[in-house]
Structure formats: C-alpha cells, structure tokens
Amino acid sequence: MVFRLASYGLILGLLCACSDTGSGVIVTNPSETQDDTRSTSGACEIDTDFFANRVWPRVLSQCASCHNAGGLAGESAFILQNTQAALDDNFSAALSFNNAYPGLLLDKPSEENIEHGGGTIFHINDDNYAIMSELLARFEEPIDSCEQSDEPAAQASSLDARSLIDKLTLASPAHTFREASLLLAGQLPSAAETAAISESNLKSAIRNLMVGDSFEAFLMEAANDQLLTMKWAGSRTPGLSALNGEYFYPQVSSRIAPLEAAVETANTEEVRAIAQQAVWDAYSNTNLALAQEPLRLISHVVTQEHPYSEVLTANYMLVNPYTNDVFDTGLSFSDPQDPNDWKEAQISSGYRNGRDLPHSGILTSPMYLARYPSTDTNRNRARSRWTYYFFLGVDIEGLAIRPMNGDSLMDVDNPTLNNPDCAVCHEIMDPVAGAFQNWGNDGQFRDQCGWFPDGNHPEGGEWLCDLDALPWTGYKEFFDPYVAGDLWYRDMRSPGFNTTQLPASQGSSSLAWLAQQMIEDARFSEGTVRFWFKGLFAREPVALPGDADDAQFASQLAAYEIDTLYVNEFASAFANGSAGTANHGAYNLKDLLVDMLVSPLFRAQSSQQNLNADEQNALVYTGTGRLLTPEQLNRKLLALLGQYWSHVWDQERNQLLEDFYGFYGGIDSDGVTDRNGQLNTLMSTVIERFSSEMVCRLVIDEFELNNSQRLLFGDASINDTPQTSSGVSNIKLALTNLIIRLWGPDQASAVEVEAAYNLFVVLRNERLENSATAVLATNEAQTNNDDNDEFCQLDWGNDSALVEDSNQVLRPWMGVLMYLISDYKVMYL
Amino acid sequence: MKRRDFLKTLAATGLYAGHPWLGGQAHGATLTPYRGNFFVSISADGGWDVTSLCDPKADININHWATNQSIQTIENSPIQYAPFAHNTQFFQDHHEKMLVINGIDSQTNAHEAGVRHTWSGRLAHGYPSFSAIAAAALGPNLPLAYISNGGYKETAGITQYTLMQDPTSLKKLVFPNQFLDYDTEGSWDPAKQYHRSAAVDLIQQAKMDRLTRLRAQSQLTPKQMSSLSDLFNARVGADQLAPLAQTMPAELVSNIDSDGEWNPLMRQGQIALAAYEAGLCVAADLSMWGFDTHANHDAEQTTSLQRLQNGIDYLWQEAARRGIDDRLVVLISSDFGRTPSYNDGNGKDHWPISSAIIMAKDQRWTNKVVGATSSQHEALSIHPTSLALDENGIRLQPKHIQQAMRQLAGIEEHEISLKFPLDAEYIRFF
C-alpha cells in the first residue's frame with residue numbers, strides 16, 4: 001500500500017480523496033470535520049486516507065511515542081515508527097498486530113479486561129475508540145476506492161513535513177555563514193571570507209568557526225540552559241555550600257581559610273579591605289568554577305574532538321586552580337590565580353578518608369548531583385528523570401499527560417512497584433535511580449553508616465560508615481526489607497537500565513556502568529540532538545500535541561513531525577559518523593552542530609509561496625527570526641561595534657549582562673530557568689536604552705581616528721555633508737557599508753540606503769533649522785527646556801578631543817547609528 | 001511630528017496591525033489605562049498540604065498536629081483551618097475575602113502535569129494560563145498585560161509575558177532617552193536626555209518605517225512574521241510605559257519577611273501592583289517554592305506555608321495602601337496535594353487531591369467553602385448548583401476553577417476563551 005499525495009490547496013478547497021494525483025500525505029484538519037467516523041462524517045475516505053487523516057494523527061501518533069523501537073514500549077509486540085512519514089509501515093504494523101492479537105488495538109488502550117502499561121488512553125465512548133473500531137472494521141472489509149460512493153469527498157490539506165519544508169527557501173551559504181559566525185564565534189566574517197563561501201564548503205567553513213573562547217561560551221551557555229548548574233555560581237546559592245563542608249571535602253577551605261585569617265589579623269583598614277577583597281575574589285571564583293565544572297567538561301570533550309559520549313563516561317572531571325584546591329586532586333597550576341586554566345583531574349584522595357571517587361562524566365559531577373538532589377523517599381528518582389531527559393531525550397513526566405486512574409493515585413501499597421498505572425513511569429525510572437545508589441541526597445559519595453556483614457556475623461554485625469548511601473531513619477532502622485550490606489532499597493526495582501540489571505561486580509561504579517549502557521542505547525544520539533536543539537534554535541522541539549480536538553491539532557502535529565523528522569536525521573548521522581564533514585567519526589558534536597546549522601530549521605529564510613493558515617501554523621517555528629539571548633546579543637554587539645554596552649561611569653560594567661540581563665530574558669538557573677524567546681515591551685526598551693547610550697561615544701571615538709583605523713565610519717569624514725555631491729556620495733557609501741556590517745549584505749538595498757540617508761538629512765536639517773548647538777553635549781536645564789538636552793561624555797581635558805561639530809554631522813550620525821543598531825536584523829538571527 | 005502623533009497616524013492609516021488574534025486593531029496610540037479587576041495567581045510550587053491548611057484533617061495518621069490540637073473554626077464562617085503555620089492569623093484576617101474550594105482532583109501526581117493542569121485547566125500541553133487569557137482578552141494593547149514570576153506561563157501565542165523580578169533599573173527602561181546616572185544629591189546639573197526630543201521622534205519614525213517595510217515583504221516565513229509582529233507590538237507598547245515611573249516604589253520591600261525567611265513573594269506582589277496601578281497590567285503570576293516536602297514535612301511545609309501567607313498578607317496590605325484592594329482578585333493553588341499519611345522519612349508524597357482559594361474583597365460569594373473531601377482526603381462529588389454532597393454529582397477538577405476564573409473576569413464567552421474550551425460543567429461558585 002502506498003500513500004499518495006492528493007491534489008490539495010486552500011484555494012482549491014475540496015479534494016477528491018479517491019483520486020491518485022500525486023505523492024505524499026493528506027491530512028484532514030480535524031476542525032473541518034464534524035465527526036471522526038465514516039458512518040457519520042458524510043465523507044468517503046479510502047483506507048489510506050482514513051489512516052492518514054484520523055488514525056495516525058488522533059490515535060496512533062500518541063501510541064508511537066512509546067511504541068517505537070527503543071521507546072518505553074519498545075519491547076512490546078506493537079512497534080510503530082514515530083513519524084508521519086512512515087504511514088505505510090505503520091498501517092502494516094497495525095494490521096499485523098491486529099492479525100496476531102485480534103481486538104487488542106481496542107482493548108489495550110481502553111484497558112478493557114486487560115492492563116495497558118501506558119494506562120487508559122481512551123474509553124469506550126470516546127471518539128478515538130470509534131476511530132480505532134472503524135480501523136479494525138476496515139481491516140476486515142477494506143475500502144480501496146470511493147468511486148461508487150455517493151458520499152462527498154473529505155476536505156483535506158497537505159501537511160506533510162517534507163512538503164512543508166519544500167515551501168521554504170534557505171538563506172544563501174554566505175548569509176548562513178555570517179549568522180553562524182556571529183552565533184558560534186562572536187565574529188563578523190570579512191567580506192573576503194563570506195565571498196569564498198559556497199554550498200559545497202559551507203559545512204567545513206562553519207565547522208572551522210568552532211574554536212575559541214566565544215565558541216566555548218556558546219557551548220556552556222547552551223549546556224547550562226539544560227543542566228542549570230550555574231545556579232551554584234551566585235552568592236545566594238553558592239556551590240561551596242552545596243559540598244557540605246570539610247566533613248566530605250577536607251580541603252574545601254584550603255584556599256579561603258588563610259585569606260579569611262588575613263582579614264582577622266589585618267592591622268589597618270586598608271590592609272583589611274585588600275584582604276577582604278581577596279577573600280571575595282577567591283570565594284567568587286571558586287563558586288563560579290564549581291558551577292561551571294560539568295559545563296567545562298562538555299566544552300572540553302567537544303573542543304578536543306572527543307566522542308560526545310565522553311560527557312557521560314569520562315573518568316575525570318575538569319578543575320581549575322580554585323576547584324583543584326577544593327577537591328585536592330594533586331594537580332599543580334603554573335598560575336594558581338588563573339580561573340581560565342582547566343585540566344582533567346580525578347578526586348583520588350581529596351574526599352573523605354582519602355577515598356578514591358569513581359568518575360563518570362556529568363553523572364558524578366558534584367554540582368550536577370547537587371542541582372538535582374534527592375530525598376529519602378524520592379530515592380534518586382529525580383536524578384533518573386533528568387538523566388533520561390538530558391541524555392536520552394526521554395521525558396518521563398511527559399508520559400503523564402492523561403488523567404491517571406484515581407485509585408492508582410491513591411494506592412499506598414508500594415504503588416511504584418506494584419501498581420501497573422504507576423509502572424508506566426517507574427518501570428523505566430526506578431532502575432536508573434538505583435544506579436545512583438552510591439550517591440546521597442545532597443550528592444556526596446556513600447555518606448551514610450549501616451550494618452555490614454563480617455566473617456563472624458554474616459547477617460550483619462559490623463557498624464560501618466562511608467560504605468553506602470541508604471538512610472538509616474525510615475529505612476534501615478526497620479530491618480525490613482533492609483538487609484545488612486545492602487546498597488539499594490529492596491522495596492524498589494533493582495538498579496539497572498532497560499531490562500538489564502546492574503551486575504553485582506559494578507556496585508561501586510554503578511554510574512560508570514549506567515553511562516556505558518546509556519551511550520550504547522539507540523536513544524543517546526536523539527537525546528543529544530534534543531539537548532542541543534534549544535542552543536541552536538532557541539526553542540525546544542515541538543511536543544506531540546495531546547488533544548486531537550484542538551483546532552490547530554493538525555498543524556501542530558505537522559510542526560511536531562517537522563522537528564521529529566530532522567531530529568531523527570541529525571541523530572542518525574551523528575551516530576553513524578556521517579554528520580557534518582563526515583570525517584571525524586561517530587558522536588562528534590561539532591559535526592552534529594554543523595548539520596543542525598545547515599538545516600532548514602536554522603536556515604529557512606523565505607517562503608516560496610503564499611501559505612494557508614495550517615501551513616503557517618505548522619511552519620511558525622522554522623528558520624530564521626530567532627531572538628538572540630542577552631549573552632549572544634552582547635557578543636554580537638562586540639563583533640559589530642567593537643565594544644559592549646558599558647556603564648557610563650564604569651567601563652568594566654557590562655550593562656546588558658548585569659543591570660538589564662533579567663529584563664532581556666536572562667536566567668538565573670534557579671528561580672528563572674526559561675529564557676524568554678519572545679520579545680516583550682520591556683525587552684524592546686532595553687534595545688532603546690543601549691542604542692541611546694552607546695552611540696555618542698561610538699561616533700566620537702570613530703571620528704577621532706584616522707579613516708583607515710575606523711571600524712564603522714571609514715568612508716566618511718566630519719566634513720562630508722549633504723551639501724556637496726562628494727559629501728552625499730561618501731555619506732551614502734558609509735551608510736551602505738554600515739548596513740552591510742550591521743544588518744547583513746542582503747539588506748543593503750537602494751531603498752534601505754536611501755531611507756538611512758534621508759534620516760541623516762532630516763536629523764541634520766532639524767538641527768540647522770532650530771539652531772542646535774554645535775557642542776556635542778549640552779544642558780539647557782537652566783531654561784527648563786530639556787527637549788534640547790544632549791548628554792555625552794566628552795573629553796574636555798583633551799585639546800585634540802572632539803567636543804564640537806560645526807558641520808552638524810556627528811549628531812546625525814549618532815541618530816543613524818541608533819536607528820541601525822536597534823534594528824530587527826541586529827536583535828534577531 | 002511627535003512619536004505619539006506618529007503612532008496615531010499609523011493607527012488611522014491602518015498600518016498599525018496588531019497581533020493576529022486581535023484582528024489587526026490599532027493599539028498604543030489610543031490606549032486607555034486598564035482599571036478593571038486585577039487578577040493575581042499565586043502558585044505554591046511543589047504540591048501543598050491542604051490538610052494542614054484549608055481542608056484540615058484531625059487524624060494523627062494524616063497530621064501530627066492532631067495529636068494534641070484540633071481543627072480551628074471562625075465565628076460566623078464555614079471556613080475551617082488547621083492549627084499549623086500562620087493559619088490562625090491568616091484565616092482570621094482574611095477569611096471574609098476567601099472562597100475555599102476543596103476536593104479538587106488534579107488527576108495526576110507528576111509535577112509538570114499537575115502544574116499544567118492546575119493553571120491551564122487541562123492535562124495536555126498547549127493551553128494558556130488563565131492569566132494569559134485574561135491579559136489577552138482584557139488588555140490586548142497593554143505593554144505589561146501579563147507579568148510572570150515563573151511557574152506555568154504558557155501563552156499559546158495569544159499574548160506575551162513579562163518577567164520583572166528586579167526593577168532596580170526599570171526607570172531607565174521607562175525613559176530610555178533620559179540620562180539618569182547622575183548624583184541626585186549632588187550639585188552637578190547634567191543634561192537630562194541623550195538626544196534631542198525632535199531627533200528621537202525622527203529616529204522612531206524611521207524605525208517604524210523600516211519595520212513596516214520589513215513586514216511588507218511578500219516572502220516572509222511564518223516565523224519571521226511572528227518575530228516582526230512581536231517587535232512591532234513591543235515597540236508600540238514602549239510608548240505607554242511612562243505611568244509606571246509614577247507607581248513604581250522608590251524603595252522595594254525587603255526580600256526577607258517577618259519570619260526572617262527569604263521571601264520574594266512580597267516583592268513580586270509589590271511590582272505587580274505597581275504595574276496594575278499604572279494601568280498597564282491585567283494579570284500577574286506569583287510563585288513560591290518549597291512545598292515538595294517528601295521529607296521532614298511538618299517543619300518544611302510550615303516554613304513554606306508561612307512564607308506564602310506572609311506574601312499574601314503583604315499583597316493585600318500593599319493593595320489597600322494603594323487603594324486598589326477592591327479590585328484585587330487572587331487565586332491560590334498548587335500542583336496537587338500531599339498524601340494523607342507520612343512516609344518513612346516523616347515526609348508526605350504526592351496526592352492528586354488539592355484545594356484552591358479565591359480571594360476578593362466585599363463579595364457575596366466569599367467567606368464560603370465549596371467542595372469537600374472524605375476523612376481520608378478523597379475528593380467527594382457535589383451537586384453543581386446546590387453544592388451539596390451528591391454521589392451522582394460532579395467531582396471538581398482544575399478545569400472548574402479555571403472556568404470560574406474566566407467567569408469572574410467576565411471573559412468566559414470571549415473569543416479567546418472559546419479558542420481554549422474547558423468543557424467544564426457549570427458550578428455555582430458565585
């Protein structure tokens with residue numbers, strides 16, 4: 001059976017569902033139909049259309065989220081492909097399953113006399129039950145043609161993922177390279193560099209951008225947007241506190257304690273102030289380094305071109321001089337004050353009792369474990385939930401989008417183990433929770449005491465500490481089911497992964513074992529794509545819509561299908577080594593990022609044709625038009641203007657990253673964890689503010705330089721005015737190059753240059769007509785007429801400094817620069 | 001031409017297209033301050049224990065306080081409360097403003113699902129919060145119509161939320177052309193603006209012209225159209241922020257409450273009220289963490305409830321001080337409830353049955369309790385109009401609370417509400 005594209009279009013309106021007129025998939029918008037069943041809809045559909053229009057989008061797409069190879073129900077007899085592109089195969093899979101297990105396609109999801117691991121999906125009276133009933137009826141009596149039917153054809157629209165993407169046009173290679181360079185490297189490529197970019201060398205060119213501090217900053221920001229360990233960088237929730245003191249890390253204060261002692265012994269206020277600053281600097285740098293540790297590990301793995309799986313399997317952590325002191329790793333640093341010197345290290349004796357701690361990448365990171373703490377009853381389940389989410393792309397809580405059985409929710413007989421309704425999550429969550437068995441609630445290794453068997457007392461007679469992480473209160477104290485020597489709860493599922501139990505020999509290195517299992521799991525590559533998706537596209541992948549009655553269900557499903565299509569493609573290439581430039585082996589993250597950046601999800605720049613409402617909704621997440629984060633905008637400003645937005649009285653104070661960071665959608669990784677990707681009014685005023693503040697010094701500094709030294713105004717002089725033809729020419733040339741620099745070459749049209757020129761002229765004319773002062777800063781407060789005030793920080797003490805402009809061009813240039821740097825093309829990518 | 005005049009011109013010429021949901025109506029230039037009710041949703045993040053709050057259970061297996069204390073009552077009120085946290089002061093001071101709704105079945109014990117269900121009325125993804133719907137329906141042109149402080153803030157594209165946690169630098173954004181970094185105590189009299197007003201007007205006009213050209217391109221992708229629309233609406237709204245400078249307090253309330261606890265709820269409320277008083281805000285979400293008390297429940301839930309109660313108390317005091325407490329409507333709820341028993345760690349785990357409290361001043365529907373639970377904190381069904389217990393009646397769910405809020409706001413039949421039907425049976429809450 002082959003699904004074929006029927007002729008379609010909003011303008012055409014109706015579709016003859018019975019005709020074979022193309023290739024692809026036809027999806028009927030649920031809002032356009034009054035009923036889902038053949039008997040009452042009044043529309044004839046052949047089986048393929050019925051499957052594509054109703055069965056898949058409304059029912060089986062939900063089933064497929066678990067019933068796919070590697071999915072939560074991946075071991076069941078009913079396996080689908082989790083994509084609309086596989087309708088033929090999924091139809092066949094449903095038919096085969098129904099032949100093998102008649103009736104279960106209805107009984108399982110409705111839990112009619114049989115349990116369903118995923119709980120009740122629909123009830124007998126639900127629409128979706130009727131859809132599946134009709135599907136089973138069609139299995140018995142197929143409808144391959146509507147030619148004899150008097151029923152009207154179903155109205156449909158084409159929302160196939162590939163067809164939708166084909167309606168968009170990609171940005172040019174040069175444009176893509178420019179945007180990728182600004183995003184990844186914080187650099188504006190030269191004209192020569194962009195001129196050399198073609199489709200054939202785009203991938204390698206983008207890959208070459210992935211070096212340097214800005215790229216590492218990009219990596220760590222994107223990783224932190226997921227892991228949120230930067231919570232520990234601040235003074236309100238300092239990482240040092242999360243380590244729980246010298247009891248666990250004896251050298252935790254080895255750097256700070258002597259500095260604090262120096263404060264106490266200071267004999268003058270000046271000495272004391274210096275000593276206090278030293279304490280603060282050490283404290284701040286240590287907390288920052290602790291918070292960054294798992295992020296630095298990721299950056300290290302990526303920039304060293306190691307297989308990305310090493311973020312889980314690394315038998316080391318990253319330390320700089322500050323955390324090296326905390327963890328007492330035995331390494332030495334040439335400059336013990338250099339916070340940017342990071343090395344691989346192991347905690348081989350710096351933990352309690354000189355314990356050699358097992359390392360397993362992020363999984364054993366003290367800050368990761370502390371960021372996702374546990375309790376005596378949570379029993380590492382939160383850690384399991386987030387580990388699945390970050391590294392396998394499995395959202396366990398996302399499974400709970402249907403009402404759960406009320407009795408099950410109130411079941412108090414160890415429901416997570418015994419109740420099948422609870423098992424849908426806990427069956428996969430609890431074994432991995434068990435694999436964290438050696439780490440206590442706060443993230444310390446084997447932080448409890450308990451009974452352990454010895455030669456004389458094989459059932460438990462020796463009270464020993466530091467050998468397990470099970471709590472005494474509420475568990476061990478009852479000795480039921482606890483048995484001396486246990487490392488994990490006996491009233492939970494055994495530690496493991498999928499259906500494999502943790503080998504007894506791996507008890508001390510359970511997370512290393514788990515990491516190996518995870519990286520060998522088919523979902524690891526997809527999980528990696530999902531982890532980096534937000535960093536590249538400033539959003540999470542579209543979620544599978546849950547309610548088929550939603551008016552926009554079909555278009556949302558199509559949006560989900562688009563993302564799923566690409567996630568699968570990216571993941572496949574990432575896993576088999578064909579991603580990017582395809583010569584760095586499997587699991588190379590740079591290559592994955594390259595693939596993502598050359599895809600339509602990043603590059604789609606224009607629409608080939610008018611799109612109907614469904615198509616617009618389906619494509620509203622795709623392509624250019626992403627709002628830059630404050631960090632990314634800061635790097636872009638630095639690249640475009642040569643400086644960041646500093647405070648008027650403090651050049652070191654980056655206002656975008658400090659004073660206005662929260663307003664512009666920044667996160668604190670604690671209470672605020674989601675970036676606001678949609679510009680609001682206050683965010684727009686941040687743009688207004690920085691453009692108002694920055695331009696005065698920018699313009700004056702530029703015009704104080706020789707033309708050849710300038711970054712922005714190399715083509716104009718202070719003597720160029722619109723009153724001479726050469727002046728006009730030079731001003732327009734300067735504007736053209738400014739637009740190219742700030743907005744991109746594709747924006748430097750005659751219309752835009754003329755508009756910018758007109759703004760220059762009207763700004764200057766206004767000054768001339770109103771006899772504005774030639775002084776570049778003025779205060780008319782004494783006349784109570786602030787409308788004419790113009791603040792600027794001028795260098796009055798320097799005779800060669802620009803403080804006046806008798807030609808009245810510098811203030812117009814400032815105005816034009818305001819106009820240019822507050823533009824959509826600067827704020828968005 | 002002044003910027004405001006320019007906006008008026010745009011509006012008159014129809015170039016001032018609004019958000020697609022708004023049917024392209026002009027806004028900004030014709031804005032009038034919002035003076036309707038102010039809707040504040042307060043989330044007790046993590047799952048609160050209502051059996052120690054407004055649905056008290058005097059069973060020592062459920063609550064340790066029942067060992068030697070009993071359920072508390074209020075004279076001339078059906079509202080009961082547990083002898084726990086700051087409940088006595090909280091309920092005694094505010095019961096006349098309270099509609100307590102007990103026995104709400106959240107149908108889940110997963111946090112994200114519980115949050116989504118409680119604040120959108122639906123377990124599935126995609127529905128906006130009540131705050132978003134109210135903001136879009138009642139303040140479609142307002143620049144700060146929806147203030148969020150975290151928690152569930154899905155907008156489904158009908159509005160934008162603003163996160164405004166630390167307004168220290170806010171005045172600089174309200175007046176982006178003003179130089180404000182001089183020492184107000186000193187004698188130096190600096191220029192007050194960065195650029196001449198006339199120049200700013202010309203620049204703004206050029207920027208709007210440019211944006212109009214960008215939006216007029218024929219081959220924009222849907223994402224570009226959406227982003228340009230965001231930028232357009234944001235810029236237009238910026239012109240309306242000035243009143244905020246008058247209502248924003250010169251000094252923010254402390255983040256430390258009367259119990260000495262870090263308590264951002266008070267500052268969240270203070271800022272939200274200032275935005276409302278400026279006529280710029282319709283709805284605000286406030287959030288307080290710390291309710292997921294799987295261990296050491298009594299102590300930790302007490303601390304969290306006290307912080308919550310201190311924050312709510314401050315909210316009403318500040319609203320009264322500003323003279324707007326008669327227009328304040330507060331909804332308080334949580335992901336779900338907590339088990340009617342202690343676990344082995346003296347904690348309480350997740351329990352689907354919860355409560356909500358709706359607060360408003362001088363209403364005939366307050367000082368009342370709707371809904372009930374069994375002695376073991378199981379939800380009981382009620383008759384939708386008599387509100388009496390009724391085995392064949394309705395088991396309350398978050399959708400009923402969300403529908404009630406829409407009803408309170410007078411937007412249950414608004415086109416935006418109808419886009420997100422709750423299919424909730426009518427309950428005579430009011």
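B:Val40 has B:Val330 as its bridge partner in strand 8 of chain B. Helices (H or I, at least four residues) and strands (E, at least two) are DSSP runs numbered from the N terminus, and two strands pair if DSSP finds at least two bridges between them. This is a predicted model, where local features need pLDDT of at least 70 and side-chain atom pairs count only at pLDDT 80 or more, while totals for chains, interfaces and linings use all residues. Residues are numbered from 1 along each chain as its sequence is written, and chains are lettered from A and ligands numbered from 1 in the order in which they are written.

**The sheet in chain B**

- Strand 1 (residues 38–44) and strand 8 (residues 328–334) of chain B run parallel, with 7 bridges joining them.
- In chain B there's an open sheet of 8 strands with mixed pairing, in the order 6-5-7-1-8-11-4-12.
- Strand 6 (161–163) and strand 12 (368–370) of chain B are the edges, each pairing on one side only.
- From one strand to the next, the twist averages 20°.
- Helix 4 (residues 130–138) of chain B packs on the sheet and touches strand 1, strand 5 (146–148) and strand 7 (283–288) of chain B; its direction makes about 160° with that of strand 7 of chain B. Angles run from 0 to 180 degrees between N-to-C directions, and axes are lines fitted to C-alpha atoms, for helices over the stretch in contact.

**Where the chains meet**

- The contact draws 85 residues from chain A and 74 residues from chain B (in contact: C-beta atoms, placed from the backbone, within 7 Å).
- Helix 28 of chain A gives the most to the side of chain A that touches chain B, with 11 residues.
- That side of chain A divides into 41 nonpolar, 29 polar and 15 charged residues (nonpolar: Ala, Val, Leu, Ile, Met, Phe, Trp, Tyr, Cys and Pro; charged: Asp, Glu, Lys and Arg; polar: the others, Gly among them).

**A helix pair in chain A**

- The axes of helix 29 (residues 725–742) and helix 30 of chain A come within 9 Å and cross at roughly 120°.
- That makes helix 29 of chain A oblique to helix 30 of chain A (under 35 degrees is roughly parallel, over 145 roughly antiparallel, 65 to 115 roughly perpendicular, and the rest oblique).
- Residues of helix 29 of chain A, including A:Leu735 and A:Ile739, meet residues of helix 30 of chain A, among them A:Ala756 and A:Phe760.

**A hairpin in chain A**

- Strand 9 (residues 646–647) and strand 10 of chain A pair in the antiparallel sense over 2 bridges.
- A hairpin joins the two strands through 2 residues, and A:His647 stands opposite A:Asp650 in strand 10 of chain A.

Methods:
Two residues are in contact if their C-beta atoms, placed from the backbone, lie within 7 Å.
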